[in-house]
Amino acid sequence: MKEITAKEFENILKEGHENALFLDVRTHGEYKACHINGLKNIPLDELSKHIEELKKYDTIYVSCGTGMRSRKGCVNLKSLGLTNVVNVQGGLEAWKLIGCPVNKGK
């Protein structure tokens, strides 16, 4: 499974990648409380319901809170036939540790 660091993810988000999806697999409540701007929220247990939508992307970058659920998400997506998935190591916590901005809910 391909993995990238939070710093690499920051650079990818800044550059923007055509036909890539930046995905947060935490629950809707967790996402609302705090998330990385530009990420779409589809909880881990809902990924299979969105498989047709997800197949449209060339690459899917998967993040969560610490990297554990995103790793599971990558495994799940691969089992559903998607090979273009990348895990963001450390997730939101690693993102915050390197000083990147987050969007906090109210």
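Which residues point one way from strand 2, and which the other way? I started my notes there, keeping in mind that this is a predicted model.

**Entry 1: strand 2**

I looked down strand 2 and found A20, F22 and D24 pointing one way, with L21 and L23 pointing the other way. Neither set reaches the outside, as all of these residues are buried. That is five of the five residues of the strand, so strand 2 is largely enclosed by the rest of the structure.

Next I checked who sits beside it. Strand 2 (residues 20-24) pairs with strand 5 (residues 59-63) in the parallel sense, over five bridges. L21 has I60 as its bridge partner in strand 5, and F22 stands opposite Y61 of that strand. Strand 4 also runs parallel to strand 2, and two bridges join them. There I noted D24 opposite N41.

**Entry 2: helix 4**

I checked the length of helix 4 against expectation. Its 12 residues reach 17 Å from first C-alpha to last, close to the 16 Å expected at 1.5 Å a residue.

Which residues of helix 4 are buried? I listed S70, G73, C74 and L77. Down the helix axis they fall within an arc of 100 degrees, so these buried residues line one face of helix 4.

The buried residues of helix 4 pack against helix 3 (51-54), strand 5 and strand 6. On the face turned away from that side I found the exposed residues M68, K72 and S79. After the helix comes G81, with a positive phi near 100 degrees.

**Entry 3: helix 1**

I went through helix 1 in the same way. Its buried residues are A6, F9, E10 and I12. They cover an arc of only 165 degrees around the axis, which puts them on the same side of helix 1. Their cover includes strand 1, strand 2, strand 5, strand 6 and helix 5. K14 and E15 are exposed, on the face turned away from the buried side. Just after helix 1, G16 takes a positive phi of about 75 degrees.

**Entry 4: the cores**

Which residues have the most contacts inside the largest nonpolar core? In this set of 15 residues they are L23, L47, L54, I60 and L77. Strand 2, helix 3, strand 5 and helix 4 each supply at least two residues of this core. I also found a second, separate core of 14 residues, with C34, L39, V88 and L92 among them.

Apart from its neighbours within four places in sequence, L23 is in contact with L39, K40, I42, L47, I60, Y61, V62 and S63.

S63 is found in strand 5, and at 1% relative accessibility it counts as buried. Leaving out neighbours within four places, I see S63 in contact with L23, D24, V25, I36, L39, S70, V88, G91 and L92. R26 is 37 residues from S63 in sequence, and their C-alpha atoms are 8.1 Å apart.

For I98, I first noted its place, in the loop between helix 5 (91-97) and strand 7 (103-104). I98 has 42% relative accessibility and counts as partly exposed, because that value lies between the 20% and 50% cut-offs. Beyond four places in sequence, I98 is in contact with A6, K7 and E10. A6 and E10 are buried residues of helix 1. From I98 to H17, 81 residues apart along the chain, the C-alpha separation is 22 Å.

Technical notes:
Residues are numbered from 1 along each chain as its sequence is written. This is a predicted model: local features need pLDDT of at least 70, side-chain atom pairs count only at pLDDT 80 or more; totals for chains, interfaces and linings use all residues. Side-chain values use heavy atoms; hydrogens and water are left out. Two strands pair if DSSP finds at least two bridges between them. Helices (H or I, at least four residues) and strands (E, at least two) are DSSP runs, numbered from the N terminus. The expected span of a helix is 1.5 Å times one less than its number of residues. Buried means under 20% relative accessible area, exposed over 50%, partly exposed in between (1.4 Å probe, protein chains only). The arc is that of the directions from the helix axis to the C-beta atoms. Contact means heavy atoms within 4.5 Å. A nonpolar core is a set of buried Ala, Val, Leu, Ile, Met, Phe, Trp, Tyr and Cys residues joined through side-chain atoms within 4.5 Å.
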